[in-house]
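Hi everyone, thanks for coming.

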Amino acid sequence: MTVANIVPAEKLPSAIPPEVSIPFMLGSISLAASYGSSFFLVDALQSIRQSAATAGAVISTGTIATILCSLVAGRIAESLGLMRAITIAAVMMAVAMICFASASTLTLFAYAGGLFLGIGWSGFYMLAPLQVLGHVRAEARIKYLTLLSGSQMLGIGLAAPLARTVAETTGSYIAVYALFAAACLVAAMLLELAGRGLAQAPQTKLPTIRLTLEGVLKALKSNTRYPIIMIGLGACVFAGLSTFQTLYAASRSQSADTFFLVFTLTAVFMRFAVAPIIGKVRLERVAAVLVICTIAGLFILFVNVGSTVNYIFGTMMFALGYGLSYSTLNSMVVYIADTDGTSLAIASQVFTLSYFIGLFGFPYIAGQIVKAGSFDNLLIGMMVLIVANAVLLATQVFSASRAR
């Protein structure tokens, strides 16, 4: 897609036109809901007489594809154009949904679906934030990054109840994945529509998008390394808490459904509610409050002995802290990169890659901790990780103050 209106960063607008931002966010919701279909893939495959081991293998295929594609998404975007690459990622996810719908005819389709899902989701998740970086002023980025993450969380939260309703109504998961395939194609059209509007909008040229070893090392050597590491540790905590939530809930005579419902509602509400105002507060202060909320939520869950009220309150505190951390820390990465000469696009992608590594890598470690002890031991370990985030934040603030 041809860039038509390049301007200096300081002359960028402070808002993206609604005729562009609304289709972009709606497309993001649709793709996130389709990605959420992976959470009930076990049930879908078991309904066609496939084992849970097959479902695990399919999900592992998707995880590997996600990580590998994350490394080359920038190269693809440089070759095809950023918005066109995002649109193609949506089409890839549609193909994944079609493969899942066809799994009853041939098991190989399920593996192909996992592969295409990993490719499509990682391409979208890596590249979508870069659109924000290139089209609005620095002070407006956190607003749109928060709206983007809120759209993604809303879509993922809608996936399970929507799938359950369709499956119960039709008696088949084929209809579920056919619906999500259609949703991905609609998302691709919405993103194409948004892309045409963005092509003529004022934008700054991102000097390089592709990930290189030199670029990654530069990002990790600069002060951007602090929020990059912080999101990786935060993702570890979220992955550990959500993956083994059923064990925790059983140990406190609670229902894990309560956690996921409260977490999703709180995170989505807060992301949309604070998006218009979050950019008016210093990012470091916002990050500090979020760290406090996160560890408070974990501590409440740790000391809870069976109270549903405490379970809900602890989940809300955790959702408040973790739910806003992604967009806040991403904005910190971009701000720091903007001031010290690091590539914005590369720093943002390394940030997302750190998130993927924590999200997909930590459940194995968490499983070993639970196996060797109990979920309480895992909760203690996760609180230690959040304390480490507090230390990293304090170090980043101290380093920035010395640089001034």
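Let's start with a quick one: is Cys 293 buried or exposed? It's buried, with a relative accessible area of 10%. Bear in mind that this is a predicted model.

Cys 184 is buried too, and its relative accessible area is 0%. What about a bonding partner for Cys 184? The closest cysteine sulfur belongs to Cys 99, and it sits 12 Å away, too far for a bond.

Okay, on to the helices. Two packed helices are described by the angle between their axes and the distance between the axes. Take α1, residues 18–35, and α6, residues 138–170: they pack at about 40°, with axes 7 Å apart. Their crossing is right-handed. On the α1 side, the contact residues include Phe 24, Met 25 and Ile 29, and they meet a set in α6 that includes Leu 147, Leu 148 and Ile 156. The residues of this α1–α6 contact split into 13 nonpolar, five polar and no charged.

The other pair is α11, residues 256–274, with α13, residues 308–323; here the angle is about 40° and the axes are 8 Å apart. That angle makes α11 oblique to α13. The crossing of α11 and α13 is right-handed. Among the residues making the contact are Phe 259, Phe 263 and Arg 271 from α11, plus Tyr 311, Met 316 and Phe 318 from α13. For α11 with α13, the tally is 13 nonpolar, four polar and one charged.

That's my bit, happy to take questions.

Notes: Residues are numbered from 1 along each chain as its sequence is written. This is a predicted model: local features need pLDDT of at least 70, side-chain atom pairs count only at pLDDT 80 or more; totals for chains, interfaces and linings use all residues. Side-chain values use heavy atoms; hydrogens and water are left out. Axes are lines fitted to C-alpha atoms, for helices over the stretch in contact, and angles run from 0 to 180 degrees between N-to-C directions. Helices (H or I, at least four residues) and strands (E, at least two) are DSSP runs, numbered from the N terminus. A crossing is left-handed if the near helix is turned anticlockwise from the far one by less than a right angle, and right-handed if clockwise. Contact means heavy atoms within 4.5 Å. Ala, Val, Leu, Ile, Met, Phe, Trp, Tyr, Cys and Pro count as nonpolar, Asp, Glu, Lys and Arg as charged, and the others, Gly among them, as polar. Angles under 35 degrees count as roughly parallel, over 145 as roughly antiparallel, 65 to 115 as roughly perpendicular and the rest as oblique. A disulfide is a pair of cysteine sulfur atoms within 2.5 Å. Buried means under 20% relative accessible area, exposed over 50%, partly exposed in between (1.4 Å probe, protein chains only).
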